[in-house]
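Have a look at the structure first, then read on.

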Amino acid sequence: MASAKVLYATITGNNEDVADIISEALENEGLDVDMQEISQEDPADLEAFDLVVICPYTYDEGALPDEGLDYYEDLADIDLTGKVYGVAGSGDVFYEEYYCTAVDLFDEALAKTGATKGADAVKINLEADQEDIEALEAFAHKLAQAVDA
């Protein structure tokens, strides 16, 4: 059975909800899922999983989550060749050009590890509504297909 690591950073709980939705959808696709808050993990542990999903929030004007800064920087030191990744997270459209920049930054950092992008990133304005839930479920489905490919 393929395995997935779903990591999240959250202040308001919105990204934990995003991670929950993705985790449940991946489990429904038959994957063994381990979900954890990002500050509780070491990037080197990702090598044990087939799929990596990171759900960061964007703070203020484009800042990465404080609890995810070290994790983000440490991604540069690992090789995830042969793994699949995806990124989904929330932000606030109020910040216009800075909306969900943490999603983009983690996407770029994971691409540099040699992992394969399994689905386009999903950006959620604040908390997930029904349309967002459907987008996250479709995202998880694409990721599961990419792992099986």
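**Notes on a first look**

1. Start with helix α3, which spans residues 101-111: its buried residues are Thr 101, Ala 102, Val 103, Phe 106, Asp 107, Ala 109 and Leu 110. Keep in mind that this is a predicted model.

2. What lies over that buried side? The cover for the buried residues of α3 includes the strands β3 (51-55), β4 (84-91), β5 (116-117) and β6 (122-125), along with helix α2 (69-74).

3. Now turn to the surface, where a patch of negative charge gathers Glu 16, Asp 17, Asp 20, Glu 24, Glu 27, Asp 32, Glu 127, Asp 129, Glu 131, Glu 134 and Glu 137. Two elements, α1 (14-28) and α4 (130-148), each give two or more residues to it. The top contributor is α1, with five.

4. Asp 32 counts as partly exposed because its relative accessible area is 46%, which falls between the 20% and 50% cut-offs.

5. Finally, check the backbone at two spots. Most residues other than glycine have a negative phi. Asp 60, in the loop between β3 and α2, has a positive phi near 55 degrees, and at 40% relative accessibility it is partly exposed. Glu 96, in the loop between β4 and α3, also has a positive phi, about 45 degrees. With 61% relative accessibility, Glu 96 counts as exposed.

How values were computed. Residues numbered from 1 in each chain as written. Predicted model: local features only at pLDDT ≥ 70, side-chain atom pairs only at ≥ 80, totals over all residues. Heavy atoms only, no water. Patch = residues over 30% accessible without salt bridge, like charges linked within 9 Å, V, L, I, M, F, W, Y side chains within 5 Å. Areas by Shrake-Rupley, 256 points an atom, 1.4 Å probe, with all protein chains shown as cover. Salt bridge = Lys/Arg side-chain N within 4 Å of Asp/Glu carboxyl O. Lys, Arg positive; Asp, Glu negative; His and termini not counted. Charge placed at Lys NZ, Arg CZ, Asp CG, Glu CD. Helix = DSSP H or I, 4+ residues; strand = E, 2+ residues; numbered from the N terminus. Buried < 20%, exposed > 50% of the residue type's maximum accessible area, 1.4 Å probe, protein only. Contact = heavy atoms within 4.5 Å.
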